[in-house]
Amino acid sequence: MKHLASTRSGDAYAALIDNLRDFIDTEVIPRENLETAQDGDETRRIARDLQALAQARGLGAPRGRREDGGLALSWTECCAYLEQAGRSFLGPLALRCAPPTQPDVFALESLASPAQRERYLLPLMRGERASCFAMTEPAPGVGSDPRMLATSARRTPDGWVIDGHKWFISGAMRADFAIVVARTESGSSWFLVDVDTPGFRIVRDIPTMEPFDMGGHAEILLQDLHVPADALIGEEGKGLAHSQLRLEGARLFHCMRYIGLASRAMGIAQEYACRRESQGVKLADHQMVQAMVADAHIQLYAARQMTLDVARRLDAGESIRHHSSMAKVFVAEAVYQVADSAVQMCGALGVSEDIPVSMILRMLRPFRIYDGASEVHRAAIARRALNHGLAA
Ligand SMILES: Cc1cc2nc3c(=O)[nH]c(=O)nc-3n(C[C@H](O)[C@H](O)[C@H](O)COP(=O)(O)OP(=O)(O)OC[C@H]3O[C@@H](n4cnc5c(N)ncnc54)[C@H](O)[C@@H]3O)c2cc1C
């Protein structure tokens, strides 16, 4: 990881990564109790303890400001940091870089007005308030196609009235405020909404296959919800561009974290293959098992390089739209395949909950759907390539 250290003192960066690796191995992974993986309250309690421990070791939110205990890492430096944090289900929670906080901070940093910054962004960065991002709707509302946005925001003399139905809103069960995407006269727009505003109603927490989730995936009804004029974020009608901005950073963080999780799954599978025997030899001596190991290493190597390339482009202020789409599709599919091979190599134990491999597989599967389904990204990549004559 030496090449990553170039943007700050190499030794200090290497020491930071070593410190984090040790923290994840000695403090975080031992606190993963697979039996309480679906207990959000328990996960929240453990995450709070771990946040204090992380802080005491000088480990904090990778993109956070130094004055808030953050590390202000570049995107490039985040790659190794997030990979280490991501090796444990609890790592991103302990280091305050789990979604939706990080992408919401990223978007609000460039879009929030000075008043919104004081009231929402800074408390979010300090961990004093929690956010969620509410765009997706049940059919016939918005899913993969952003033009299908059905939630409306109607202008009134003193603000806006929002009506709509959202679902799969991550983190909403513990959020203090939501970024709500709604249709206004000039198109899609973003609004900051305190969850205790009358008309904001959480219907239920939708159970999903993801373990160690502490904020849920909520279904929400917005009915006759009045917000003031200054609830509008950024420019009216520019919601699509805002969402694009938010998703690009979010995708990259997911890629970094999930490379760590997939790598851990393969590490467990390799250990198993080195001690378990079949037909008189170790599993590790069977060539078809070796092929799974080799393919996993090739996939994760490529996934790391693509993620790093997108991070460098982001640090350089380049548009990452095309490259982040390609990286997202590749990494989402690669990490899932690696985890799937890890399950296969571990046999029945791999599908059990005695070891974390099956939960890793469950954690990685939805990434091929959220932040743009693989098919939707492929269609966009091909459209850009064909319309602009891009060389492959
Ligand atoms: C764990 C999880 C967390 C989430 N968190 C949030 C959140 O915090 N906030 C939020 O707003 N949303 C969230 N979502 C929702 C997510 O953004 C949507 O699932 C995603 O945008 C896809 O929309 P959809 O589920 O309605 O799928 P649909 O639009 O119904 O598509 C279903 C499938 O059809 C195919 N498909 C769709 N369009 C095309 C196309 N153009 N070409 C080819 N194939 C296509 C794809 O295979 C796709 O997976 C979350 C989802 C999950 C699973």
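**Notebook: loops, domains and ligand shell**

I began with F212, which is found in the loop between β6 (200-205) and β7 (217-228). Helices (H or I, at least four residues) and strands (E, at least two) are DSSP runs, numbered from the N terminus. F212 is not a glycine, yet its phi is positive, about 50°.

The model is predicted: local features need pLDDT of at least 70, side-chain atom pairs count only at pLDDT 80 or more, and totals for chains, interfaces and linings use all residues. Residues are numbered from 1 along each chain as its sequence is written, and side-chain values use heavy atoms, with hydrogens and water left out.

**Cis peptide bonds**

The bond from P99 to P100 is cis, with omega near 5°; P100 sits in the loop between α4 (91-94) and α5 (101-111). The bond from A139 to P140 is also cis, with omega near 10°. P140 belongs to the loop between β1 (131-134) and β2 (152-156).

**Domains**

I noted the division of the protein into domain 1 (2-98), domain 2 (131-233) and domain 3 (240-388). These bounds come from an automatic or database domain assignment. For domain 2 and domain 3, I found the C-alpha centres 30 Å apart. Their contact (heavy atoms within 4.5 Å) takes 11 residues from domain 2 and 11 residues from domain 3.

Between them, domain 2 and domain 3 bury about 1100 Å², with 69% of it on carbon and sulfur atoms. Buried area here is the accessible area (1.4 Å probe) that two parts lose on being put together, summed over both. On the domain 2 side, W190, M209 and P211 lose the most area to domain 3, together 46% of what that side buries.

**Ligand**

I listed 15 residues around the ligand (a heavy atom within 4 Å). Of these, F133, T136, S144, F168 and S170 come nearest. By class, the shell has eight nonpolar, five polar and two charged residues. In this scheme Ala, Val, Leu, Ile, Met, Phe, Trp, Tyr, Cys and Pro count as nonpolar, Asp, Glu, Lys and Arg as charged, and the others, Gly among them, as polar.

I then checked polar contacts (a pair of N or O atoms within 3.5 Å). A polar backbone atom of F133 is 2.8 Å from a nitrogen atom of the ligand. An oxygen atom of the ligand lies 2.9 Å from a backbone N or O atom of M135. For E375, a polar side-chain atom lies 2.8 Å from an oxygen atom of the ligand.

Taken alone, the ligand exposes 970 Å², and the protein buries 62% of that. These accessible areas come from the Shrake-Rupley method with a 1.4 Å probe. The elements that give two or more residues to the shell are β3 (159-170) and α12 (374-388). With three residues, β3 gives the most.

How values were computed: A polar contact is a pair of N or O atoms within 3.5 Å; within protein, one must be able to donate a hydrogen and the other to accept it, and residues adjacent in sequence count only if both atoms are side-chain atoms.
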